[in-house]
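Okay, everyone, thanks for coming.

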Amino acid sequence: MPFLQVQILMKRSCAWLCAVALALSAAGCAQPSRPSDEIEVWHWMTDRQDALETLARKYAETTGIRVRFSLFAPSDAYTQKIMAAAQAGVLPDVFGILDEKVIAASFIKAGLVADLTGAFRADQGAWERALSPKALDVNRFAEGNSDGVKPGIYGVPLDIGSMQMVYNRALLRKAGIRQPPAAFHDWLRAIAALRRVGIAPFVTGFGELWIVDCFATSYAINIMGEQKVLDTFRGLVPYTDPDWIRVFTLFKTLREKGAFIDGVVIKGNKVAEQDFALGRAAFAFNGAWSVNVYRQMSPELDYGVVPLPAFNTAVPMVSWGGAESSLVVNALSPNRDKAVEFLRWLTEKEQQAYLSAELHILPVNRAAMADVPGALAEFARSVETSTHPKIWPVNEDPVVGEVFQKGIQAIIIGERTPQAVARDVQAAKARQMERTKR
Amino acid sequence: MFFKLDIRHAQAGPLDLFKNFLFVLPAVAIFAVFYIYPFFELFHLSLHEWQGIGPRTFVGLRNFQELAVDRVWWSAVGHAGYITLIALTFQNALAFGLALACDRAIRMKRFYTLVFFIPPVLSEVIVGILWNWILNGGMQDGRPVGLLNHFLVQIGLPNMVHHWLSDPGTALTCVAVVHAWKGFGWGFVLFLAGLQTIDRQLYEVAKVDGAGSWRSFWNVTLPMMVPVIMLVVILTILGSMQVFVLILSLINQGLVYHTEVPVTRILSSMTVTNQFGYACAQAVVFGAILVSVSFALRALSNRMRQA
């Protein structure tokens with residue numbers, strides 16, 4: 001081919017490449033500017049894609065508006081995708097923010113999340129009253145919140161979660177235990193009885209740091225009260241306080257009594273769920289979603305649900321709970337109002353009852369929750385007394401949180417003492433506070 | 001021919017140079033957009049405090065100063081170094097030995113070549129799950145659940161039964177061994193390809209000169225294989241220092257800090273503690289370490305070739 005022709009071909013190719021690149025950028029990076037009859041929802045909930053698609057078809061038949069659910073999993077990858085989409089300005093009409101509340105606050109302050117307070121309060125607050133207040137609290141920013149967000153409700157909860165202790169009735173019977181333990185010292189007795197008959201007493205996903213945090217803060221609140229825990233986060237109470245030492249010592253006691261199944265510190269929750277479902281451990285610490293998981297893994301499993309055994313029996317044991325999964329509406333979406341209407345429809349009793357029956361999850365709609373059966377009802381009982389970091393006015397610095405959670409892992413494997421871990425966490429806290437001051 | 005080309009190049013005007021440049025423009029553009037720009041953006045972000053969304057605060061070199069005294073980070077670098085050391089020695093010795101065996105006219109040579117290449121093509125997640133079953137330390141009905149422990153009981157070594165992945169003394173070594181098992185196939189293929197390029201006449205000449213197997217290996221095989229060995233060493237170092245998927249699938253978010261490596265620390269800074277600026281500083285430092293090691297090895301390789 002002559003050189004000139006090659007040059008012309010090259011120039012044309014370059015021009016085409018540039019044109020295609022520009023067209024792709026324009027199509028991909030810009031927010032849709034005109035309203036349409038299609039709502040795009042990005043989610044991470046692998047277990048409910050089919051159920052959500054069924055509901056989307058029903059919604060399209062009723063309203064003529066198509067809803068497209070796009071699934072991105074696992075949740076870590078989903079979080080990264082949302083972050084990248086926010087940076088590129090290509091967020092869908094509806095999405096979820098799985099990260100901590102401080103990150104949700106960043107999205108809101110960046111103008112990417114719609115304030116839904118008006119929609120919830122319309123018709124004398126009919127929508128707000130229909131849903132579980134605890135679940136709504138997770139999506140609510142109160143007056144004077146430390147994140148500097150305008151007070152309001154910014155997300156729509158889809159289902160409710162609650163972390164509780166589950167126990168295998170058959171294994172407890174085998175060890176001669178008649179009642180599940182209500183107090184920590186009863187639990188220690190049960191652990192000894194289970195060990196005597198060669199049953200591993202307790203399994204949970206301590207390989208996932210948030211579960212360590214959830215377990216530890218539940219006991220911290222039981223031992224010293226929520227206010228003192230929050231004061232610790234504010235830097236007013238040191239982690240070397242005797243109450244915190246008590247919290248750390250609790251893990252040492254459980255270790256010394258042989259409570260934990262082998263390798264508990266590296267177990268992901270999925271593996272822990274498998275261990276419990278297969279009868280390898282008598283107790284597990286898990287969320288309401290486990291009802292569906294255990295049903296799939298071992299349909300005949302006979303188990304019950306109780307709160308964690310209280311260390312301080314004078315105070316009821318409170319664990320994490322509230323909205324399990326929530327969706328927010330893109331404030332820049334031209335389909336904003338349609339998206340809000342769809343989410344309102346999704347949280348109505350009929351749709352919620354369908355999701356609960358299909359997926360064995362706790363519905364967020366109060367009328368639908370009244371009808372849930374079996375183990376789900378046992379989880380449901382604790383929801384209204386639960387707490388969650390997302391509703392606390394202040395949260396621990398994540399850097400300190402990591403030292404705290406890793407420190408507890410170190411106690412469980414017998415590598416560090418409670419006192420040493422308390423010192424480590426307090427040192428990290430002091431460093432972070434100094435950093436914030438700077 | 002070369003002379004003519006030189007004349008043509010010397011006579012080329014700015015327009016010709018521009019036209020020539022158009023030919024490489026697509027490649028340069030792709031390289032700039034996907035490699036050069038991200039690198040500068042990464043460095044730029046490393047000078048900021050940022051949560052991944054919202055405003056960034058310029059902090060200068062503070063992230064690097066904090067990284068310099070971050071003991072967890074440097075121990076993670078040490079752990080990656082340990083995994084790399086096992087890979088360089090155990091993994092590559094195994095790969096080289098097997099390549100030597102398969103280079104000879106042995107029965108079922110093709111079968112072995114195929115089998116040895118299976119681990120590297122498996123996903124690290126699959127390998128992690130597979131080895132988790134093998135190294136699991138749990139018990140059920142008084143019997144070990146893990147395959148290795150089960151085997152130890154079967155051969156009469158019940159006192160060696162152990163939770164291999166949750167003991168700080170063995171967890172990192174287990175990761176290193178599994179990584180070596182997964183990676184030796186690459187080295188095997190490269191070594192085998194290298195061995196097959198050695199001229200067989202050299203061995204015949206050595207034999208005529210009275211050299212035995214060992215002397216032939218030492219004086220013929222090894223010198224001829226130096227470039228391949230250096231290539232495998234560089235690839236092993238770069239691959240092993242960046243191991244992390246295997247760790248996540250074997251040990252989740254880590255056994256305290258005992259199985260942390262640089263990439264898991266970077267990931268943790270981004271997704272656990274929301275310190276994107278700090279994570280970028282870690283990535284810059286880690287990248288600099290890898291580039292320095294690569295250049296040092298390249299210089300060493302050149303010197304060895306000249307020698």
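So, what kinds of residues line the second largest cavity? There are six nonpolar ones, two polar ones and one charged one. Keep in mind as we go that this is a predicted model. The names, if you want to click on them, are Thr79(A), Ile82(A), Met83(A), Gly96(A), Ile97(A), Leu98(A), Asp99(A), Ile103(A) and Phe107(A). Two elements of chain A each give two or more of these residues, namely helix 3 (75-88) and helix 4. Helix 3 of chain A gives the most, with three residues. As for volume, we're talking about 40 Å³ for this second largest cavity.

How many cavities of 30 Å³ or more does the search of the whole structure find? It finds two. The largest cavity holds about 50 Å³ of space. Its lining takes in residues of both letters: Ile261(A), Lys267(A), Asp275(A) and Arg280(A), then Asn136(B), Gly138(B), Met139(B) and Val145(B). Sort them by type and you get three nonpolar, two polar and three charged.

Now for the domains. Chain A is assigned domain 1 (9-157 + 325-361) and domain 2 (162-320 + 395-437). The contact between them takes four residues from domain 1 of chain A and five from domain 2 of chain A. Why does the second largest pocket lie between domain 1 and domain 2 of chain A? Because both domains give residues to its lining.

Let's zoom out to chain A as a whole. You can count 19 helices and 12 strands in chain A. Its C-alpha atoms fill a box of roughly 85 × 55 × 50 Å along the principal axes. A compact globule of 438 residues would have a radius of gyration near 22 Å, and chain A comes in at 25 Å, which agrees. Of those 438 residues, 57% count as buried. And if you take the contacts in chain A with a separation of 6 or more, 75% of them are between residues 24 or more positions apart.

Last stop, one single residue. Find Val383(A), in the loop between helix 17 (374-381) and helix 18 of chain A. Is Val383(A) buried or exposed? With a relative accessible area of 0%, Val383(A) is buried. Leaving out neighbours within four places in sequence, Val383(A) touches Ser132(A), Lys134(A), Ile160(A), Gly161(A), Ser162(A) and Leu362(A). Take Gly161(A) from that list: Val383(A) and Gly161(A) are 222 residues apart in sequence, yet their C-alpha atoms are 7.4 Å apart in space.

Key:
Residues are numbered from 1 along each chain as its sequence is written. Chains are lettered from A and ligands numbered from 1 in the order in which they are written. This is a predicted model: local features need pLDDT of at least 70, side-chain atom pairs count only at pLDDT 80 or more; totals for chains, interfaces and linings use all residues. Side-chain values use heavy atoms; hydrogens and water are left out. Domain bounds come from an automatic or database domain assignment. Helices (H or I, at least four residues) and strands (E, at least two) are DSSP runs, numbered from the N terminus. The radius of gyration is taken over C-alpha atoms; the globule rule is 2.2 Å times the number of residues to the power 0.38. Buried means under 20% relative accessible area, exposed over 50%, partly exposed in between (1.4 Å probe, protein chains only). Contact means heavy atoms within 4.5 Å. On a 1 Å grid over the protein atoms alone, a cavity is a set of points where a 1.4 Å probe fits but cannot get out, and a pocket is an open set with protein on both sides within 12 Å along at least five of seven lines; lining residues have an atom within 4 Å of a point. Grid points are joined across faces, edges and corners, and a volume is the space filled by probe spheres set on the points. Ala, Val, Leu, Ile, Met, Phe, Trp, Tyr, Cys and Pro count as nonpolar, Asp, Glu, Lys and Arg as charged, and the others, Gly among them, as polar.
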